[in-house]
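Let's go through some of the labels used for this model and see what stands behind them. Each answer sets a value beside its cut-off.

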Amino acid sequence: MNSVGVSTPLLSPPFLPTKLCSSSGNFKKLVPNNVSFVCRKNAQPKCTMDTSSYAPGGGNLSKFPRSNVWDPYKRLGITTDASEEEVWSSRNFLLDQYAGHERSVESIEAAFEKILMTSFLNRKKTKINLKSRLKKQVEESPPWVKNLISFIELPPNVIIVRRLFLFAFMACWSVNSSAEGGPAFQVALSLMACIYFLYDKTKSLARASFIGLGSLVVGWICGSCLVPMIPSVLLQPTWTLELLTSLVAYIFLFAGCTFLK
């Protein structure tokens, strides 16, 4: 018995693109806009698709609509007086919303960095203006104010911390030994330390002694006037007037040996 073989007709490569291209009138209506066919003579048909607006999982990637807005505040959708938290919040929200779209992310980050740079420059300009204003006020002040300011200096932070720790230790020592006796010994040590620091700075023992004793006297007088105003409820029974006055004197001794010259 003879067998009859039926085979599926095969279309040659040159035939298929020719048909597709010739029937473009009805065929183009069935093809999406983002799909295009390239027909070449004696070549295999090729299909190219624009995938810039598609996500890896198959969904569409939305494009940031304000990418071309020049103002960085308007691009992020905030006002010019927005706080730093609002700027960060808007940036994070937009990055989450348009994550995956490279141009949108770059546009959002560029606006965010521009706002940060503008804020930094404004802060720096404000500090410079503040220094210039203070300097101008000092120059326009009366002569006695200029002479008073000339005796004041600002040492490095390390020196301030060290001397503050020393006089704070003297104050704690005086409070802990208040039940045994008065703080005369601690006050004497503090005065000697103040004179030593001033001598190391001025290289004049007479000037250092004068500033040190003056700081002690002024501090003792101020303490004698301020301590009686403190309510007795806030004070411990062992805290005498002499002890509290010495604590005020420590503050003046610290300020005298640290900021005076």
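Q: What makes D200 count as buried, partly exposed or exposed?
A: This is a predicted model, and in it D200 has a relative accessible area of 45%. Buried means under 20% and exposed means over 50%, so D200, at 45%, is called partly exposed.

Q: And which label does K203 get, buried or exposed?
A: The relative accessibility of K203 is 60%. The cut-off for exposed is over 50%, so K203 counts as exposed.

Q: Why is the contact between D200 and K203 called a salt bridge?
A: Their side chains meet at 3.8 Å, N to O. A salt bridge needs a side-chain nitrogen of Lys or Arg within 4 Å of a carboxyl oxygen of Asp or Glu, so the pair of D200 and K203 qualifies. In general, side chains of opposite charge can pair when their charged atoms come close.

Q: How do you know that E109 and R91 form a salt bridge, and what does the pair tie together?
A: The N to O distance here is 2.8 Å, and the limit is 4 Å. E109 sits in helix α5 and R91 in helix α4 (residues 84-97), so the pair ties together parts that are 18 residues apart in sequence.

Q: What makes K201 and E153 a salt bridge?
A: Their closest N and O atoms are 3.3 Å apart, against a limit of 4 Å. K201 belongs to helix α8 (residues 184-202) and E153 to the loop between α6 (143-149) and α7 (157-176), so this pair ties together parts 48 residues apart in sequence.

How values were computed. Residues are numbered from 1 along each chain as its sequence is written. This is a predicted model: local features need pLDDT of at least 70, side-chain atom pairs count only at pLDDT 80 or more; totals for chains, interfaces and linings use all residues. Side-chain values use heavy atoms; hydrogens and water are left out. Helices (H or I, at least four residues) and strands (E, at least two) are DSSP runs, numbered from the N terminus. Buried means under 20% relative accessible area, exposed over 50%, partly exposed in between (1.4 Å probe, protein chains only).
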